Amino acid sequence: MREMTIPNRTAVTLNLFQGLSVRKRRSATRGTERAARWMLKRVQHGGSGDTEHCEPPTRNGFSLVELMVVLFIIGLLATVVLINVLPSQDKAMRVKAQGDIATLGQALEMYRLDNMAYPGPAEGLAALRQPPANLSLPQNYRSGGYIRDLPEDPWGRPYQYKVPGSDGRPFDIISLGADGQPGGQENDADITADAR
């Protein structure tokens with residue numbers, strides 16, 4: 001323990017383990033307290049006169065370990081979300097394709113009711129948007145068409161239209177699935193109106 005005397009009879013005690021303590025023998029003024037703090041800073045910095053930079057370092061920001069822990073947790077959460085969401089996305093794409101096929105099937109039925117026949121293979125599904133050139137009763141064709149927009153399947157390919165359809169159906173509307181090839185299993189399987 002070291003004791004120093006500063007003008008105005010204020011004793012400054014420097015205890016290296018507990019910091020600065022100022023005992024007042026007489027009423028000390030602010031200037032005396034400031035001098036005591038300045039003296040302590042000077043003693044702590046080895047007697048150098050540079051007391052501007054004597055403030056204790058403040059903690060700004062995060063340590064590398066804290067950042068690594070946060071990044072690890074974010075990565076872990078992203079992995080869990082992806083594992084749970086991706087299968088749902090595949091199922092949602094198949095359900096969307098089935099919904100589109102059902103909508104196109106209803107539009108084809110309305111076309112048949114107005115025009116007495118389904119569009120031929122040459123006209124395809126485009127006949128739902130614009131009247132075909134070889135239409136026998138063009139006055140029966142609905143203005144604006146039978147569907148607002150001709151959708152693509154969820155994988156960005158056009159739906160396949162076959163006339164006549166398989167198993168005695170008048171037509172088939174097919175999405176070739178994720179792989180875009182006929183046949184396949186699971187996500188790559190073809191999607192039709194009756195596919196579940």
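Rings of Phe, Tyr and Trp (the six-membered ring for Trp) count as a pair if their centres lie within 6.5 Å. By this rule, the predicted model holds five aromatic pairs.

Start with the whole protein chain. The chain has two helices and five strands, in the order β-β-β-α-α-β-β from the N terminus. Of its 196 residues, 27% are buried. For contacts between residues at least 6 apart in sequence, 37% join residues at least 24 apart.

Next, select Val65, Val69, Phe72, Ile73, Leu76 and Leu77. These residues form a nonpolar surface patch with about 610 Å² of accessible area together. Phe72 belongs to helix α2, residues 64-115. Is Phe72 buried or exposed? Its relative accessible area is 57%, over the 50% cut-off, so Phe72 is exposed.

Now go back to the aromatic pairs. Select Tyr111 and Tyr146: the ring centres are 5.5 Å apart and the planes are at 70°, so this pair is edge-to-face. Tyr111 is in helix α2 and Tyr146 in the loop between α2 and β4 (160-162), so the pair ties together parts 35 residues apart in sequence. Both Tyr111 and Tyr146 are buried.

Last, select Tyr161 and Phe171. Their ring centres are 6.4 Å apart and their planes at 40°, so the pair is tilted. This pair links distant parts of the chain, 10 residues apart: Tyr161 in strand β4 and Phe171 in the loop between β4 and β5 (172-174). Tyr161 and Phe171 are both buried.

Terms used: Residues are numbered from 1 along each chain as its sequence is written. This is a predicted model: local features need pLDDT of at least 70, side-chain atom pairs count only at pLDDT 80 or more; totals for chains, interfaces and linings use all residues. Side-chain values use heavy atoms; hydrogens and water are left out. Helices (H or I, at least four residues) and strands (E, at least two) are DSSP runs, numbered from the N terminus. Buried means under 20% relative accessible area, exposed over 50%, partly exposed in between (1.4 Å probe, protein chains only). Contact means heavy atoms within 4.5 Å. Patches are made of residues with over 30% relative accessible area and no salt bridge: like charges are joined within 9 Å, nonpolar side chains (Val, Leu, Ile, Met, Phe, Trp, Tyr) within 5 Å. Accessible areas come from the Shrake-Rupley method with a 1.4 Å probe; for residues, only the protein chains shown count as cover. A salt bridge is a side-chain nitrogen of Lys or Arg within 4 Å of a carboxyl oxygen of Asp or Glu. Rings of Phe, Tyr and Trp (its six-membered ring) pair if their centres lie within 6.5 Å; planes under 30 degrees apart count as stacked, over 60 as edge-to-face and the rest as tilted.
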